Amino acid sequence: MEPSSYAAEKKGKSGIRRVINAFGYSIDGIAAAYRYEAAFRQVLWLNALLVCAAFFWVSETAVRLPLIIASFVSVIVELFNTAVEAAVDHTSTEKHELAKRAKDAGSAAQLFAMLMLAAVWLSALFG
């Protein structure tokens, strides 16, 4: 990278400044996903409700923890899916087989995360 490039300037930080910047970028990413992606908002609110339900309805930590972890995994996968979609759309909004594969794979990852979430909850409730 050229020293004068935007990326080099951002990556050139070190120590606590880099940690603070990284935290800010993470908050920016969450805010952008929430603002521009309805699917992210839906997944976030669903999982926020499920985490609250886990605290109110489940008394055993050994049962509650997998419920909470599955919710976080679902949100994380949706953030990756959102990132893939944004990167693909930035490259081109024209119809292209590779773009479709990338977006479909991100969607499939979220499907599996939601299936895992459902399996963990069903196991906790009826297992």
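How are H4 and H5 oriented to each other, roughly parallel or roughly antiparallel?

The model is predicted, so local features need pLDDT of at least 70, side-chain atom pairs count only at pLDDT 80 or more, and totals for chains, interfaces and linings use all residues. Residues are numbered from 1 along each chain as its sequence is written, and side-chain values use heavy atoms, with hydrogens and water left out.

**View 1. Helices H4 and H5.** The axes of helix H4 (residues 61–91) and H5 cross at roughly 170° and come within 9 Å. H4 and H5 are therefore roughly antiparallel to each other. By class, 18 nonpolar, 6 polar and 4 charged residues make up the contact of H4 with H5. Helices (H or I, at least four residues) are DSSP runs, numbered from the N terminus. Axes are lines fitted to C-alpha atoms, for helices over the stretch in contact, with angles from 0 to 180 degrees between N-to-C directions. Angles under 35 degrees count as roughly parallel, over 145 as roughly antiparallel, 65 to 115 as roughly perpendicular and the rest as oblique. Ala, Val, Leu, Ile, Met, Phe, Trp, Tyr, Cys and Pro count as nonpolar, Asp, Glu, Lys and Arg as charged, and the others, Gly among them, as polar.

**View 2. Helices H3 and H5.** Between H3 and helix H5 (residues 97–126), the axes come within 13 Å and cross at roughly 20°. That makes H3 roughly parallel to H5. In the contact (heavy atoms within 4.5 Å), Val43, Leu46, Asn47, Leu50, Ala53 and Ala54 of H3 meet Gln110, Met114, Leu117 and Trp121 of H5. This contact of H3 with H5 has 8 nonpolar, 2 polar and no charged residues.

**View 3. Asn47 in H3.** Asn47 lies in helix H3 (residues 38–57) and is buried, with a relative accessible area of 2%. Buried means under 20% relative accessible area, exposed over 50%, partly exposed in between (1.4 Å probe, protein chains only). Not counting residues up to four places away in sequence, Asn47 touches Ser71, Ser74, Val75 and Leu117. With the side chain of Ser74, the side chain of Asn47 makes a polar contact (3.4 Å). A polar contact is a pair of N or O atoms within 3.5 Å; within protein, one must be able to donate a hydrogen and the other to accept it, and residues adjacent in sequence count only if both atoms are side-chain atoms.

**View 4. Ala53 in H3.** Ala53, also placed in helix H3, counts as buried at 13% relative accessibility. Ala53 touches Val58 and Trp121, not counting residues up to four places away in sequence.

Conventions:
Helix = DSSP H or I, 4+ residues; strand = E, 2+ residues; numbered from the N terminus.
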